[in-house]
Amino acid sequence: MDFHPVERASEAFQQPLTAEEIRKVCRRAFGGDARPVSAVELGTGMYNNVYRVTLAGQVRPVILRVAPPEARQFRSERHLMRNEFASLPWLAVIAPLMPQVLAADWSHGVIGRDWMIQTHLEGVPAPEHLGTYPRTAWPVFFRQMGAVTRSVHGVRGPHFGPVSGPGYATWGEAVIASLEEIASDLDGVGLDAADVRKVAAVAAHERAVLDEVTEARLLTGDLWTVNVLLDPGAPEPVITGVVDFDRTWFGDPAADWTIRMATAKADEREAFWESYGALDRSPAALWRARVYEARHLGAIRLERHRLARADAVRESYSVMAEVLAGLA
């Protein structure tokens, strides 16, 4: 097999499979005669290991995604791949844009990690291709992003919290539990979690404001440009695929990462709102948005630690302090 893993340090969070492990996975998924002839690790993700695998006798490659070993997973990020799998029926509204799951295995009977095999989507990652268009065409892209997000947020869920659970009866419970999990993870890696705990305490004290959100809607988790594919030959940006829905939630759409990124700058992304619709800008909604920003910052701090970006971890404390000041 022609095997091209991404070279990483031994202490890196992402650790590749061996060529033999990939063979075993393919035999489990497609039968004992399945023979991978090439496997190329794609280095675009920062959590799962992702491989483009070509099988003998098959024209189209498949995508193999492999979760980190359970011992390396944070409590707030546990079993993300299983969460994505549980989300698929809820994401039917955008199914034509998503890869299909061909096989999934949580048993650890072949390798000691969760894995999933999906169809390969045609298209070029948006971060690589959007810049080839003039900036005057970028609003077309963000308008499509708004429409995709609006479709997902239109789906009603049965509980608050991660799609695969645990489920909560109220939005306040789900948000506070998430903040507490992030704080616990920060403790576990030796980082100061006092500011995240302060946010959790403020959220608990003002929980009635969170509980004004009474309808659980489906959240994409972290959909933005990095998880979007574009048609390489279209005269203007055309979204052909969206991937990586492992952080889906049921809750307030304003808490979604996509909304956070759409509001981050006043540039071409403002076209997002033309198809998505206007945000609630009431005092209560603005207060909730600060809580959501604090939750995002806590999760970002964990990711920066995982990527060994010590300077960025330190920077997160001053940014969080500003958010806390706005919650006071």
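Because the model is predicted, local features are reported only at pLDDT of at least 70 and side-chain atom pairs only at pLDDT 80 or more, whereas totals for chains, interfaces and linings use all residues. Residues are numbered from 1 along each chain as its sequence is written, and side-chain values use heavy atoms, with hydrogens and water left out.

Helices (DSSP runs of H or I, at least four residues) and strands (DSSP runs of E, at least two residues) are numbered from the N terminus, and two strands are taken to pair if DSSP finds at least two bridges between them. Strand 1 (residues 2–4) runs parallel to strand 2 (residues 36–42), to which it is joined by three bridges, and within this pair Asp2 stands opposite Ser38.

An open sheet of three strands shows antiparallel pairing in the order 8-12-9, and its edge strands, strand 8 (161–162) and strand 9 (217–219), each pair on one side only. Two bridges link strand 8 with strand 12 (residues 249–251), and Pro162 has Trp249 of strand 12 as its bridge partner. Helix 5 (residues 171–188) packs on this sheet, where it touches strand 8 and strand 12, and its direction makes about 135 degrees with that of strand 12; contact means heavy atoms within 4.5 Å, and the angle, on a scale from 0 to 180 degrees, is taken between N-to-C directions of axes fitted to C-alpha atoms, for helices over the stretch in contact.

Pockets were identified on a 1 Å grid over the protein atoms alone, as open sets of points, for a 1.4 Å probe, with protein on both sides within 12 Å along at least five of seven lines, and lining residues have an atom within 4 Å of a point. The second largest pocket holds about 700 Å³ of space, a volume defined as that filled by probe spheres set on the points. Its lining comprises 29 residues, of which Ala254, Ile259, Ala285, Ala289 and Tyr292 are the closest to the centre. Helix 8 (257–262) and helix 10 (283–306) each supply at least two lining residues, and helix 10 provides the largest share, eight residues. By class, the lining of this pocket divides into 14 nonpolar, three polar and 12 charged residues, where Asp, Glu, Lys and Arg count as charged, Ala, Val, Leu, Ile, Met, Phe, Trp, Tyr, Cys and Pro as nonpolar, and the others, Gly among them, as polar.
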